[in-house]
Amino acid sequence: MTEQTPSTLPAGAMPEVEHCARCDHHWLTRRGFCPRCGAPDTQMETVSGTAEVHAVTVVHRAVQESAIGPAPYRIVLAKLEACPEVTVMALAPEPLEIGDAVRITRHGATGAPYLAQPA
Ligand SMILES: [Zn+2]
């Protein structure tokens with residue numbers, strides 16, 4: 001079986017986080033060790049994409065087109081409900097505000113790889 005990292009998950013997939021059983025810490029980017037306690041035995045877990053918007057940025061002028069089209073577009077930071085210590089940066093095709101409930105899914109392999117849509 002091919003091991004999947006966040007960069008190879010298919011579009012529409014739920015977020016995958018790495019988890020440390022020793023200190024119960026979660027993080028988004030695969031490291032192979034716990035950044036909090038240093039434990040080497042970590043596991044990848046697929047979690048629900050349910051999240052809450054923590055910050056919103058509207059990009060009006062961009063150097064290049066985003067993965068969801070030309071500017072203006074929105075980038076949000078959202079905290080995953082399953083592990084609130086994990087903040088995901090995602091492109092948002094629809095207007096969102098801080099505190100909105102969203103569903104985070106995988107969008108593409110490069111750039112901002114996640115998509116936030118109203119829950
Ligand atoms: Zn740990």
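**Entry 1: ground rules**

Two residues are in contact if their C-beta atoms, placed from the backbone, lie within 7 Å. With that in hand, I looked at contacts between residues at least 6 apart in sequence, and 51% of them join residues at least 24 apart.

I noted that I am working with a predicted model, where local features need pLDDT of at least 70, side-chain atom pairs count only at pLDDT 80 or more, and totals for chains, interfaces and linings use all residues. Residue numbers start from 1 along each chain as its sequence is written.

**Entry 2: the elements**

I listed helices (DSSP runs of H or I, at least four residues) and strands (DSSP runs of E, at least two), numbered from the N terminus. The chain has zero helices and eight strands. Read from the N terminus, the order is β-β-β-β-β-β-β-β.

Next I checked burial. I call a residue buried if 20 or more other C-beta atoms lie within 10 Å of its own, exposed if 12 or fewer, and partly exposed in between, with C-beta atoms placed from the backbone. By that count, 22% of the 119 residues are buried.

**Entry 3: the barrel**

I reminded myself that strands of a sheet pair through backbone hydrogen bonds, either parallel or antiparallel. Here, two strands pair if DSSP finds at least two bridges between them.

Which strands close into a barrel? I found five of them, in the order β4-β5-β6-β8-β7, with mixed pairing. From one strand to the next, the twist averages 50 degrees; for such angles, axes are lines fitted to C-alpha atoms (for helices, over the stretch in contact), and values run from 0 to 180 degrees between N-to-C directions.

Then I went through some of the pairs:

- β4 and β5 are antiparallel and share eight bridges; here V59 sits opposite Y73 of β5.
- β4 and β7 are antiparallel too, over three bridges, and T50 has R103 of β7 as its bridge partner.
- β7 and β8 run antiparallel with five bridges; T105 faces L115 in β8, and I104 has A116 as its bridge partner there.

I stopped at the loop between β4 and β5, where P72 is found. A cis peptide bond joins A71 and P72, with omega at about 0 degrees.

**Entry 4: the nonpolar core**

A nonpolar core is a set of buried Ala, Val, Leu, Ile, Met, Phe, Trp, Tyr and Cys residues joined through C-beta atoms within 7 Å. The largest one has 16 residues, and A78, V88, A90, I104 and A116 have the most contacts inside it. At least two core residues come from each of β4 (50-59), β5 (73-80), β6 (87-92), β7 (101-106) and β8 (114-118). Which strand gives the most to this core? I found that β6 does, with four residues.

Leaving aside neighbours within four places in sequence, V88 is in contact with P15, L28, A51, A78, L80, I104 and Y114.

**Entry 5: the open sheet**

I then turned to the other strands. Three of them form an open sheet in the order β2-β1-β3, with antiparallel pairing. β2 and β3 are the edge strands, as each pairs on one side only. Two bridges join β1 to β2, and E18 stands opposite W27 in β2.

D24 lies in the loop between β1 (16-20) and β2 (26-27). D24 is not a glycine, yet its phi is positive, at about 60 degrees. Is D24 buried or exposed? D24 is exposed, because 12 other C-beta atoms lie within 10 Å.

**Entry 6: Q43**

My last stop was Q43, in strand β3 (residues 42-46). Why does Q43 count as exposed? Q43 does so because it has 9 C-beta neighbours inside 10 Å. Beyond its neighbours within four places in sequence, Q43 is in contact with H19 and A21. I also looked up the C-alpha atoms of Q43 and A21: they are separated by 8.0 Å, with the two residues 22 apart along the chain.
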